[in-house]
Amino acid sequence: MARPCVEYLKKTTPMNFGNVLDVGTYFGHFVKMMNREGCSTRGIEPDRCKIAQAVTDRISQGYFDHTFQTDEVYDLICFNEMVYYIQDGIRALSRAREMLADGGMMFVTTTNPSSSMVKDKSVKGIGRGVEYINCLMSKQNFDSLEGFRMKNCMCFRSDMLIDVKYGRKYMFPLYLAGLKKIITPNPDGNKMFVLLEKTG
């Protein structure tokens, strides 16, 4: 999923980020791709096993919430498929805003709670079970965050993750070869990209 995230940022931003933080970076594929694009990017990940198997050395061990401490100032902070695991997501996003440079951006990949696929559970949870999910934020929730303005929001169907979830792993080589789209833009899609810009 790192590839469509980077492609989305390339379409919606000038990609002139000097300092980028990826929160909950998993194995670091997004970090690696962003560095290849010329954006100085590092990630934090709470799971030491993931760090040991990471595809980049630009990852450190850490957990992000409203108490996270750093002297760094970032041009972009990313929360890819993880903001709903944080105990208090709203306060965590407020903390992230404090770490952003003036005009800095926040990029979030998350579940779209307004999707009919999510509401009627025709697309079951992907990744850890729903018991770990604290809160699913809607486009309206993001749009009303204090100190941010919505720069862009795109809902999409996560085709590759859906295929993997339902045991259609035989499709995976088609995604890797670029013969099948990883995501499909769809207003009723089960996922969404949200791009916010710091104001004030």
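This briefing describes the nonpolar cores, the strand pairing, the cysteines and the aromatic pairs of one structure.

The model is predicted, so local features need pLDDT of at least 70 and side-chain atom pairs count only at pLDDT 80 or more, while totals for chains, interfaces and linings use all residues. Residues are numbered from 1 along each chain as its sequence is written, and side-chain values use heavy atoms, with hydrogens and water left out. Helices (H or I, at least four residues) and strands (E, at least two) are DSSP runs, numbered from the N terminus. Buried stands for under 20% relative accessible area, exposed for over 50%, and partly exposed for what lies in between, with a 1.4 Å probe and protein chains only.

**Nonpolar cores**

- The largest nonpolar core has 29 residues, and F64, I77, F79 and F142 are the members that touch the most others; such a core is a set of buried Ala, Val, Leu, Ile, Met, Phe, Trp, Tyr and Cys residues joined through side-chain atoms within 4.5 Å.
- Two or more residues of this core come from each of strand 1 (20–23), strand 4 (74–80), helix 4 (89–99), strand 5 (100–111), strand 6 (148–157) and strand 8 (191–198), and helix 4 gives the largest share, 4 residues.
- Another core, of 24 residues, lies apart from it and includes M15, C78, M171 and L195.
- Leaving aside residues up to four places away in sequence, F142 touches L93, V108, T110, M137, M150, M192, V194 and L196, where contact means heavy atoms within 4.5 Å.

**Strand 5 and its partners**

- Strand 5 is largely enclosed by the rest of the structure, because 10 of its 12 residues are buried.
- Strand 4 pairs with strand 5 in the parallel sense over 6 bridges, pairing being counted if DSSP finds at least two bridges between two strands; N80 has T109 in strand 5 as its bridge partner.
- Strand 5 also pairs with strand 8, in the antiparallel sense and over 7 bridges, and M105 stands opposite E197 in strand 8.
- A right-handed β-α-β unit is made by strand 4, helix 4 and strand 5; right-handed applies if, with the strands pointing away from the viewer, the path from the first strand over the helix to the second runs clockwise.

**Cysteines**

- The count of disulfides, defined as pairs of cysteine sulfur atoms within 2.5 Å, comes to 0.
- The sulfur of C153 has its closest cysteine sulfur in C155, at 4.8 Å, which is too far for a bond.
- C153 counts as partly exposed at 22% relative accessibility, whereas C49 is exposed, with a relative accessible area of 52%.

**Aromatic pairs**

- The whole structure holds 8 aromatic pairs; rings of Phe, Tyr and Trp (its six-membered ring) pair if their centres lie within 6.5 Å, and planes under 30 degrees apart count as stacked, over 60 as edge-to-face and the rest as tilted.
- Y8 and F107 form a stacked pair, at 5.6 Å centre to centre and with 20° between the planes.
- Because Y8 lies in helix 1 (residues 2–12) and F107 in strand 5, this pair ties together parts that are 99 residues apart in sequence, and both Y8 and F107 are buried.
- F156 and F193 form a tilted pair, at 4.4 Å centre to centre and with 40° between the planes, which links strand 6, where F156 lies, to strand 8, where F193 lies, 37 residues apart.
- F156 counts as buried at 0% relative accessibility, and F193 likewise counts as buried at 0%.
- One aromatic cluster is formed by Y8, F107, F156 and F193.
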